[in-house]
Structure formats: structure tokens, C-alpha cells
Amino acid sequence: MRRLAFFFVLLFALPAFSQTKHPFTFEDMMKLKRVGEPVPSPDGKWVLFSAVDVDLAANKKTPHIWIVPLNSVGTGGSPVQAERVLIPDQDGDRPRWAPDGKRFAFISNKEGGSQVWIADFEGAAGSVSAVHKLTSIATEAGGELWSPDGKNILFTSDVYPECDAAPGDNAMGQEASCNAKRLNEANTSKVKALIFDRLLYRHWNAYEEGKRTHLFVVCVASTCGCGSGGGIGSNSGPVKPQSSSSPASCSIALDLTPGDYDSPVFSLGGQDGYAFSPDGQEICYTSNHDKVEATSTNNDLWIVPVNAGTGDSPAQVLAKTKNITTDNPASDSTPLYSPDGKYIAYRAQQRPGYESDRFRLMLYDRKTGEKKDLTEGFDHWVGTFVWTPDSRTIAFSAEHEGHALIYTLDIERARSSRRALVSGFNDDLAVMPSGKMLLFTRMSIAAPTEIYASDAAGAGCPAMSGNVDAGKESCSLNRDRAVTQINDSLLSQVAMTKIESFSFTGAHGDEVEGFLIKPPNFDASKKYPVKFLIHGGPQGAWGDDWSYRWNPELFAANGYVVIMINFHGSTGYGQKFIDAINGDWGGAPFEDLMKGLDYAEKTYPFIDKNRECALGASYGGYMANWILGHTDRFKCIVSHDGDFNNESAWGTTEELWFNEWEFHGTPYTNRELYRKWSPHLFATNFKTPTLVIHGQLDYRLDVSEGFQLFTTLQRLGVPSKMLYFPDEGHWVLKPQNSQLWYKTVNDWVDQWTKK
């Protein structure tokens, strides 16, 4: 069935543009504050969050800790301008409340290097009275998490596994000293050579350099003597995390995950891969112990007592560690204990080696070991999720046709109780201590992330499969209200346009969805050139969401119609639709893209089909390269970080599971399929002027792919240019690099479509 009309209501869309508004500019985008996840206080009165400021002139991004009172929501759902910076003289990220609400932890680089800091909080005034650094670990600290009993803090650090502590009274002191020594040797050595003896020696944008991510726990209870100042990371003192049976010093943090494994595993964002039990005595974390990590998605959930390893060897610590998902050879991740301690909820996939299998919401019974799929029959990916305080209900986000709705379910009657509760594009769920209100982040095509609130209960819309069930169109979703409006002032001066949806019959006779953005001050009597955007993934999607790297509003702002197609392989339309791209990279997706553009040209008379440019990154870059050899309909092409030669891309990438799943093996076992869909073999057809973009630090799709494409274009005499970033990876993240990226891309498109 088609989505309900309210899915396309945009909070910031206006029917007409005032003369005082101007088209969106790159400088406007850099002035926007980038709001992080909401963190409600234990008493339910305050919400902490981080917001990143971009200094374009200084070419840097700086996060700060902000606070907003929850009573800031005014009448009619309109927020009162109440959010404010809480620690203005210090950078800060990832705030986490202590259970008593009198302190919170955060991550800061104030004194060089990422470390955990503690802020003392005055609840009546909503102010910070003092801050102090908690950790001083040479290998830096991140991802901090306060234990529910308030006694310990968990954090991550990238350490050398050969420094794992030996048994003894000062074991952790020796480990800290060893890591500091190894790090100093690496930083000061004139020889920068590395020796590899296994795969996954580099990942995304960095070489592993022999280090592993480990989880450390440190006592912060008053009995440790750490509550008011001393830093963690010195080389003296015994190590025992605080528990009900073992009070001790906190001079050194305890490594709970020794060994030559990443614990937790690498993540591009989203929910934590680790969690404390409600009593604070156990943690559950994600780790992959398969021999060849480069071909494995077999992340498992492991549990370990918080006091494990006190005076023990790494082998003894591991002996106290238990794998609770050995029965699943695919990915298990993002554990979260129920408040009553009976269960662990987590996300799981079923097909080994397939990173785009459906993410299910699972329930593990800690007493019996029984596991249950709470989303059986639910045909969408589960995103972030949260327990309600009564341990009966879980709320979660999931993509649905260009949006990310909030759903809820009762764990006892999961299938029959599933319902869509909140519309929009939502993520980063949190629940208030009362259990009556949900907090979450929301974005749209016309506005970046802000924090919103909604009732945690409501009739909602039945959604057993993930879609709003047929015949229930009269159901109503919850009203939501803004908690922050940190970017409203700037956005009120900018002319944004709303997203419009259309659908057509694509490959395999399936319905395919597309989106269109009109330029500001649109005049239907005029003809407009087109920027045809192709998303990456390929298991990704366009939708009513915000992007700083590929922003449709910014692309439209200088007089273009922007068209985006969610071709076969896109998320949000069911797993069968996603799986359709496997082994068919240049087939159904290319057909969908061409048919979608054909439909738009016939349906919208203001489109000038003789002035169109195709732009894509990652898989979108691959498809731009494929288009280059299969049609001459475009005036220009922009190929960013695209796969040009499937065989060489396999040999230079790091996450081999991706290529080997998509092309059903290696180039040595299934060369025919690699070559069938390889753009480089169609180079004799290349005619379209092409801008090539690639970053030296892109290890997902090596820079050699961009060089091969540019060399080929130049040798063929095709008008071409290459934008090369020596200091960027798969994404262009530095502010001034981003500025150059947008200017170069827009100038290239203007050159070929506005003649």
C-alpha cells in the first residue's frame, strides 16, 4: 500500500518564499549546529546533548555540551528558546549522566588527546560547578558509559594486545606503561614501515598499526578516592573495579577485554556495542573472534563480570568471559539489558557474510538462555532501540519508504502488539525515567537534526510487517513536539523547498519510488537543468533526511531540479527489494534509474531533459561509471569514490565480505560475474565529460580506482578532471575540503548544463 499522506508533512516547509529569504549556501550549512543524541537526566528535568560548531576559517569542528530543560516546550507544542551551552570554555562530546544526577561524564580533548572528564552538576540552576579529568591514558579514551550503580565508568581505548597485563599486584600498571612506551616509540621512530601478517590490516581510513579496541572499567565511587580529581592512567597501585564485594583504588583502569580482538567491534555510529547490567556487575559487548575478520560478519555477544581479571592473567579473564550467541554465525550486536535485569535485547542478522541482511530485534533470557525474535515477520531493519522502565516494552526506529518511523512492541506479544507510533525521520531514541515520554532526534530534507519528544504510549498504527497495515488508514500516530530549536533562527532566513515523492514501474515490474526537489523561487513556466543523484551503499536510500556531504537542498539552490531514485537494493522497502541487487549491480538498479528519469521527464514539464548531469558516490560512483559506458543521455557525470574495476577493487579493499557476497565469491572463483558488471570493460563507450573525485585515505574503495578511471578518460580524450584529496577518506569531512568539493562539483555541472 502507499504511505499515508502525513509521512510527507515537513515541519519546516512553507508554501511560498518570502522576499527576505535567500537560497541555501554552503556558508549557511557550515553555520548550522550539528545536534547529537538526547540524554535525559535521572530526575527527568533536563536533557544533555552535544552540538558541533564548525569554524570554516579555522577549518575545524568543535563539539560542546548543551542543556535544555524539558519544561521548555510551550503551548501548542512550540518550544521556548531555552537550550544553552553548559561548558562554554571546553570542548565536550557524548555526555552521560551519573545515576544520582549530580554529575555527568563526557569526552574532551581540552588537555590534548581524547579523555573522560567528569562535571559536577547543580540541578536547581542547571549549571556546572566544576569539571575534572578522570582518565589520562596514553592511548586515549572514548565511548564512556556510567554503570547503573554509579560505582564505575566503562570506556574504550585502542591498545597494543601484546601489552596485555601479566598476573600480579601491579598488572594493569604494567599494561599502561607498556602501551605508553609502544605508542611513544611509534610516534618518534623515523621508520614508519608496517609489517602485516593477516587481513584487515587497514580499515576505512586508517591502518590498524597493531592496536585493538578494548573495554576498560574504572572505579569512580567515593571509596576509590577519585570523586574529586585524580586522573586515571598512572603506573602505580593495584587495580580493582568497585563492586559490592571489592572496594579498591582506581589509579589504573582495568582491561575487561584482553586479547588480540576488537571489543567492541568497529562501528560507523549508532547504538553502543556494549552495555552494563542493571546491577552494574556485568557487561555485555560485541566482538568478532573469527580467524579471518576481513571475510567475516560473525560479531558475537560476550558477557564478563565487572570484577573479572583482578590480579588475573588475560587468559584467566577470557576464561570468565562467555559467548552467548555461538549459535548464530552471522552478526549479533548492540546489546541492551532490560531494566529488571531479566533480558538482553540486541540486533541480529541471519546470513553470514552479508552486511545488509535484515537487522532483527532479538531477546535473550539471561536465566534460561532462550532467544526470541521479536520482529519475526517485520520486513524492515531495526535501528536504535530503548527499553521502557517497566521492562515490558521496547521502542525502536526503522526505515520505511524514505522515512524512519518509531515503532513499539510488547515483548510478551511481540507480533500482535507491533505498531508505528511516530512519523518523520527519527533516530537516537531515549526514554524518560517516568516511562511516559520518548525523546529522539529528527531531521528532514529541509532541516538538520533537532531533539523531539512524544508520548511513549498511544494507539498508533498496526504494523506487523513494518508497513502501516492495509485497511487501517484511519489510525493516528502520536503528536510530537520540538525540545530544541537550535538552528531555527538561521533556517528562518533560508529558502528551502519540500521533498516530493513519485512512483513508477521499475525492474521486475516492481513499484519504485523517486523523489524530487525544486529550486527556490521555482517558476513552473521555466525549464530547469537536472542534477540526478545516485545514492551509495548500495543498500542505502534517499529520503526525507538531512546530509552535510550530499545535500539535495544545496544542490537545488543554484537553479536545479534534483531527482533521486530508490532503485532495487535500497533500504526501507523490504528485504526482498534489498536483496535484488546481489549479483546484479548493473542490471535492475540501472533499469530503475533510467525508467525513473524517463518518468520524471514525461511527468514534470519544467525538466529540461537536454541538460542533465548524473552524480554519485561509493556505489553511486560505481553506477556513475556504469552509466558512463551504457548511455550518452547525460551532459556530464560526477564520479566520487566509485568502483571502476571490480577485480582490482576486490584486491585493494579491506572488508572483503562485502565484495564476496555481492559478486558471489572471489575474482578467482567467480571471475565471470566480477567482469560482467565491471565498468572498466565498457571504456570504449565512454564519451560523457566526467569529474572524478577520490581521497587517498579511502580504504573502502582504494584511490587507485579513481586514478584508473581518470587515466582511462584522459587516454580516450574524454573531457575530464580529477579532484584528489590527500587527507580525506571515503567521505570529505574537513570544512574547507568540503567547501572545495561543493564548488568543484557545482562548477563542473554548471559548465556542461548551463551553456
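Modeller: Arg611 and Asp608 form a salt bridge, with their closest N and O atoms 2.8 Å apart; the term stands for a side-chain nitrogen of Lys or Arg within 4 Å of a carboxyl oxygen of Asp or Glu. This is a predicted model, in which local features need pLDDT of at least 70 and side-chain atom pairs count only at pLDDT 80 or more, while totals for chains, interfaces and linings use all residues. Residues are numbered from 1 along each chain as its sequence is written, and side-chain values use heavy atoms, with hydrogens and water left out.

Colleague: Is Asp608 buried or exposed?

Modeller: Asp608 is buried, at a relative accessible area of 16%, where buried means under 20% relative accessible area, exposed over 50%, and partly exposed in between (1.4 Å probe, protein chains only).

Colleague: And how many salt bridges are there in the whole structure?

Modeller: The search finds 30 of them. Another one is between Arg351 and Asp357, at 2.9 Å from N to O; Arg351 is partly exposed at 27% relative accessibility, whereas Asp357 is buried at 1%. There is also a network, in which salt bridges with shared partners join Arg198, Arg212, Asp260, Asp262 and Glu293.

Colleague: What does Glu37 form a salt bridge with?

Modeller: Its partner is Arg96, and the closest N and O atoms are 3.0 Å apart. Glu37 lies in the loop between β2 and β3 while Arg96 is in strand β7 (residues 93–97), so the pair ties together parts that are 59 residues apart in sequence. Glu37 is partly exposed, with a relative accessible area of 34%, and Arg96 counts as buried at 12%. Strands here are DSSP runs of E with at least two residues, and helices are runs of H or I with at least four, both numbered from the N terminus.

Colleague: Changing topic, which strands are joined to β4 by bridges?

Modeller: Strand β2 (residues 34–35) is joined to β4 by two bridges, β3 (residues 39–40) also by two, and β5 (residues 60–69) by 10, with antiparallel pairing to β2, to β3 and to β5; two strands count as paired if DSSP finds at least two bridges between them. Among the facing residues, Arg34 stands opposite Val52, Pro40 opposite Val47, and Phe49 opposite Trp66.

Colleague: How many residues of β4 itself are buried?

Modeller: Eight of the 10 residues in β4 (residues 46–55) are buried, which leaves the strand mostly covered. The hairpin of β4 and β5 has four residues between the strands, and Asn59 in the turn has a positive phi of about 60°.

Colleague: What is Met623 in contact with, leaving aside neighbours within four places in sequence?

Modeller: Met623 is in contact with Ile534, Trp585, Gly586, Pro589, Phe590 and Leu593, where contact means heavy atoms within 4.5 Å.
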